[in-house]
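Here's a quick briefing to read with the model open in your viewer. Have a look at the fold first, then work through the notes by topic.

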Amino acid sequence: MHPFPTPTPRRAPARTGRWAAPVAAVLLLAGCADPDPGGSGQTGAAPGPSSSTAAPTAPADGRWGGYGGRAEACDAVADHVLTLSVLPSSLSVTGRVEDVQQVEDQVEDLVEAAPEELVADLARIQLTVDSYGEDLAAGQSATAAPDGPRARFDRRALEDSLGSLRRWLADACADDGG
């Protein structure tokens with residue numbers, strides 16, 4: 001009898017295939033940006049305690065947009081900033097135009113529900129996503145050169161708009177404000 005136990009053979013890691021990363025990116029974006037009150041898109045992908053933000057309860061107008069009040073708007077915008085900040089990484093994982101279009105539609109929903117002061121910045125983000133999708137589609141067309149320029153997400157435009165959203169959060173959502 002050998003004094004040490006015989007090691008168990010290790011199994012090779014499972015292969016997830018080419019689709020795993022794009023699916024993960026889409027789930028991340030869909031889960032974080034989904035304003036559905038039932039949370040059907042909330043897959044737990046977004047870290048933090050505020051990932052269960054409810055949907056807007058009123059038409060978008062006034063100081064808090066389509067949200068019921070200050071707390072709801074602040075929670076939602078904070079979630080959106082978190083979600084939108086990972087867009088460049090998430091979109092670069094999936095090279096599918098359909099995924100980019102889905103994200104653009106979700107950002108459009110954010111624009112429609114946004115507090116008045118944030119509409120222009122969220123619309124700029126939507127335009128940035130749209131431009132990236134158009135560049136991606138052009139690069140995938142049958143007439144595109146195989147070694148032509150790759151679609152690039154405009155990170156600077158995104159960060160400029162996110163900076164405005166963060167300033168709004170600091171001003172409108174501070175404990176002594178609003």
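Predicted model: local features only at pLDDT ≥ 70, side-chain atom pairs only at ≥ 80, totals over all residues.

The protein chain has six helices and zero strands, so read along from the N terminus and the elements go α-α-α-α-α-α. Of its 178 residues, 35% are buried.

**Overall fold**

- Looking at contacts in the protein chain with a separation of 6 or more, 65% are between residues 24 or more positions apart.
- For orientation, helix H1 covers 20-33 and helix H2 covers 70-85.
- Further along come helix H3 (87-93) and helix H4 (97-113).
- Helix H5 spans residues 119-140, and helix H6 spans residues 155-172.

**How the helices pack**

- Two packed helices are described by the angle between their axes and the distance between the axes.
- For H5 and H6, the angle is about 160° and the axes are 9 Å apart.
- Because angles over 145 degrees count as roughly antiparallel, H5 is roughly antiparallel to H6.
- The crossing of H5 past H6 is left-handed.
- On the H5 side, the contact is made by Asp121, Leu122, Arg124, Ile125 and Thr128.
- H6 answers with Ala157, Leu158, Ser161, Leu162, Ser164 and Leu165.
- H6 also packs with H2, at an angle of about 155° and with the axes 10 Å apart.
- That angle makes H2 roughly antiparallel to H6, and the H2 and H6 crossing is left-handed.
- From H2, the residues in this contact are Arg70, Ala73, Cys74, Val77, Ala78, Val81, Leu84 and Ser85.
- Their partners in H6 are Leu158, Leu162, Leu165, Arg166, Trp168, Leu169 and Ala172.
- Leu158, Leu162 and Leu165 of H6 turn up in the contact with H5 and in the contact with H2.

**The nonpolar core**

- The largest nonpolar core holds 32 residues.
- Within this core, Leu84, Leu87, Leu122, Ile125 and Trp168 touch the most other members.
- At least two core residues come from each of H2, H3, H4, H5 and H6.
- H4 gives the largest share, with seven residues.

**Aromatic pairs**

- Searching the whole structure turns up two aromatic pairs.
- In one of them, the rings of Trp64 and Trp168 have centres 6.1 Å apart and planes at 70°, so this pair is edge-to-face.
- Trp64 counts as buried at 15% relative accessibility, and Trp168 is buried with a relative accessible area of 4%.
- The other pair is Tyr132 with Phe153: ring centres are 5.7 Å apart and the planes are at 65°, so the geometry is edge-to-face.
- Tyr132 lies in H5 and Phe153 in the loop between H5 and H6, so the pair ties together parts that are 21 residues apart in sequence.
- Tyr132 is buried, with a relative accessible area of 7%, and Phe153 counts as buried at 11% relative accessibility.

**Buried Gln, His and Ser side chains to click on**

- Gln126 lies in H5 and is buried, with a relative accessible area of 16%.
- Leaving out residues up to four places away in sequence, Gln126 touches Glu104, Val107, Glu108 and Val111.
- His80 lies in H2 and counts as buried at 7% relative accessibility.
- With residues up to four places away in sequence left out, His80 touches Tyr67 and Leu110.
- Ser90 has its place in H3 and, at 5% relative accessibility, counts as buried.
- The C-alpha atoms of Ser90 and Val100 are separated by 9.8 Å, and these residues are 10 residues apart along the chain.

Note on methods: Residues numbered from 1 in each chain as written. Heavy atoms only, no water. Phe/Tyr/Trp six-rings, centres within 6.5 Å; stacked < 30°, edge-to-face > 60°. Helix = DSSP H or I, 4+ residues; strand = E, 2+ residues; numbered from the N terminus. Buried < 20%, exposed > 50% of the residue type's maximum accessible area, 1.4 Å probe, protein only. Core = buried A, V, L, I, M, F, W, Y, C linked by side-chain atoms within 4.5 Å. Axes fitted to C-alpha atoms, helices over the stretch in contact; angles between N-to-C directions. Parallel < 35°, antiparallel > 145°, perpendicular 65-115°, else oblique. Left-handed = near helix turned anticlockwise from the far one by under 90°. Contact = heavy atoms within 4.5 Å.
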